[in-house]
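Please look over the model shown below before reading on.

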Amino acid sequence: EKVLRFVLGDQLSRDISSLYEAQPGRDVVFMAEVMGEATSVRHHKKKIAFVFSAMRHFADDLRREGFVVDYVQLDADGNPGDFGSALAAAVERNGVGRVVITEPSELRVLEAAETWREELGVDFDILADDRFLASHEDFVSWATTDSGAQPKSLRMEYFYREMRRSTGYLMKDGAPVGGQWNYDQDNRKSLPESVSIPVRPEFKPDSITQEVMALVSSRFGDHFGDIEPFDYPVTRTDALAYLDWFIADALPGFGDWQDAMKQGEPLLFHSHLSTLINCGLLGPSECCDRAETAYREGEVPLNAVEGFIRQIIGWREFVRGVYWLKMPDYAGANALAAKRALPGFFWTGETAMNCMSQAICETRSNAYAHHIQRLMVIGNFCLLAGIDPRQVQEWFLIVYSDAYEWVEMPNVVGMALFADGGFVASKPYAASGAYINKMSDYCASCAFDVKQKSGEKACPFNYLYWNFLSENEQVLRKNHRMGLIMGSLGKMSKDRLKEVRDDSGRFLESQQMRGWDNGPPG
Ligand code: FAD
Ligand code: DLZ
Ligand code: SF4
């Protein structure tokens with residue numbers, strides 16, 4: 001029986017479950033660029049261009065294998081603009097009685113797929129996405145008690161150890177290689193001037209990418225972000241070449257400088273693999289396999305390979321588990337009752353805070369910022385300033401090329417904003433300017449003075465930090481990991497606390513903190 005195999009834009013893997021039993025002479029692979037998806041939030045131009053170009057190249061690879069691919073381009077006549085209608089038309093057009101899809105990665109699209117299954121009037125299979133190393137069942141059985149109850153909090157570190165055991169990565173005779181599970185204490189070095197940063201290969205847009213870029217410029221010209229220059233790998237072959245480059249040139253330094261930030265260096269030793277893994281061009285296991293092989297061949301130190309593998313089999317799998325465990329309520333979590341509007345400068349980068357300006361401007365150019373910029377600069381600012389988690393989530397989902405709700409939401413809600421009340425993070429990732437100054441060279445070129453604690457010239461992170469602790473004292477006092485710092489807050493003189501509040505009030509009410517009147521730009 002002829003089967004229509006629907007492949008979504010983040011399912012571009014030849015070994016995806018929807019293609020397991022695919023037969024080139026018999027089946028049709030269906031893919032669609034739809035307006036509803038491209039504008040479900042107003043995605044960064046580079047992100048849309050990347051997804052469409054990778055989709056078109058994936059379709060061509062399948063055609064070369066002999067598949068018939070029914071591919072609906074965004075500007076095709078009669079493109080109905082949403083997945084459901086496009087799929088219904090494709091079922092009709094191809095005369096099939098059966099549709100197979102791998103479960104969508106986001107709840108919104110999974111729920112839509114369940115409606116199609118009800119309404120299309122054909123056999124309809126939604127298969128598990130086994131590109132993840134932990135199944136939903138694995139995660140739930142790890143996360144819940146025998147009676148099925150959910151605990152108050154989950155810690156990634158324990159999940160990660162289970163993952164190390166079940167995958168066998170960096171294990172020897174049932175124990176972690178080197179004797180420790182985690183070498184993070186070696187991975188917090190600030191970057192000395194003398195270290196040279198590896199030069200990332202660039203992938204020139206081919207004719208398919210150029211066509212997509214023109215389409216995106218004309219149809220989504222008013223979305224946030226720069227489309228040029230575009231240098232992402234968009235094919236499986238280029239993605240593999242890029243992975244090889246990362247393992248050889250950047251992974252060796254990945255551990256030591258993982259938390260460092262440097263002006264004008266968006267990537268440092270980070271992999272930029274999230275975009276490729278999340279859309280399916282690379283598998284999480286193949287990235288870890290290569291990293292482990294490089295370690296075993298003596299080319300990469302243990303702290304680097306352990307850190308990298310932990311991000312992938314630990315954090316990445318963990319946040320996916322949390323998303324499915326906690327949705328749909330997670331989307332609205334707001335444990336600290338934060339309600340300030342997202343400031344307009346998140347869309348322009350125009351702020352005197354140099355760290356924020358650098359991180360936002362790099363995001364606008366590259367649809368990328370590395371983890372510490374996301375967590376300890378932008379996320380930290382949103383936490384301290386009490387920005388509404390919904391608005392922060394939308395921003396993060398729009399601006400990064402690796403952003404899909406399943407991974408963006410737990411990182412924003414749980415990690416950056418403590419909006420889940422500590423389900424994911426044992427304490428808020430709140431920091432004053434001293435942390436940013438230690439880990440970066442941003443402060444040297446900033447209009448504010450990171451050493452000053454109060455007054456117009458003082459680094460806003462300094463007073464906002466104490467203001468945050470004071471405003472959320474009731475909640476944070478209960479957190480034993482905050483004991484020491486809440487003790488210091490308690491000892492603060494009334495005059496000093498008033499100064500903190502006055503400085504924060506002046507800053508938070510200032511013109512630059514005004515929200516964007518009409519939501520995201522455009
Ligand atoms: P590297 O530093 O090279 O890390 C290697 C890989 O580990 C990444 O490619 C990624 O696959 C994985 N990884 C590392 N940290 C995480 C994490 N916390 N969660 C999930 N995977 C992780 N990641 C996304 O993929 N999409 C998002 O939308 C996203 N939003 C984020 C929002 C906030 C507020 C924060 C704090 C983090 C977010 N992250 C997100 C996680 C992380 O910042 C990115 O995965 C990482 O910066 C991607 O760059 P890289 O590939 O160079 O990562
Ligand atoms: C991100 C994205 C965009 C911008 N456009 C499309 C699209 O037109 N067609 C498509 O199949 N996928 C797209 N994607 C990726 C989807 O958002 C992603 O596959 C779903 O959200 C999965 O839940
Ligand atoms: Fe950021 Fe403060 Fe440093 Fe300026 S002084 S770069 S605002 S941390």
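Which of the 28 residues around ligand 1 come nearest? They are H270, S271, Q311, A403 and E408, where a residue counts as near a molecule if its C-beta atom, placed from the backbone, lies within 6 Å of it. The elements giving two or more residues to this shell are α9 (274-279), α11 (302-326), α14 (371-385) and α16 (405-416). Helices (H or I, at least four residues) and strands (E, at least two) are DSSP runs, numbered from the N terminus.

This is a predicted model, in which local features need pLDDT of at least 70 and side-chain atom pairs count only at pLDDT 80 or more, while totals for chains, interfaces and linings use all residues. Residues are numbered from 1 along each chain as its sequence is written, and chains are lettered from A and ligands numbered from 1 in the order in which they are written.

The shell around ligand 1 is made up of 14 nonpolar, 10 polar and 4 charged residues. Here Ala, Val, Leu, Ile, Met, Phe, Trp, Tyr, Cys and Pro count as nonpolar, Asp, Glu, Lys and Arg as charged, and the others, Gly among them, as polar. Domain 2 (142-326) and domain 3 (345-513) each give at least three residues to the shell around ligand 1.

Ligand 2 is surrounded by 16 residues, and L8, G9, E37, E106 and V109 are the closest. At least two residues of the shell around ligand 2 come from each of α1 (35-38) and α2 (45-64). By class, this shell has 9 nonpolar, 3 polar and 4 charged residues.

Turning to the whole chain, the protein has 21 helices and 7 strands. Its radius of gyration is 24 Å, which agrees with the value near 24 Å for a compact globule of 522 residues; the radius is taken over C-alpha atoms, and the globule rule is 2.2 Å times the number of residues to the power 0.38. The C-alpha atoms fill a box of roughly 80 × 60 × 55 Å along the principal axes.

The domain assignment gives domain 1 (4-127), domain 2 (142-326) and domain 3 (345-513), with bounds from an automatic or database assignment. The centres of domain 2 and domain 3, taken over C-alpha atoms, are 24 Å apart. Between them, 24 residues of domain 2 are in contact with 33 residues of domain 3, contact meaning C-beta atoms, placed from the backbone, within 7 Å. On the domain 2 side, α9 and α11 give two or more residues, and the largest share, 4 residues, comes from α11.

How values were computed
Two residues are in contact if their C-beta atoms, placed from the backbone, lie within 7 Å.
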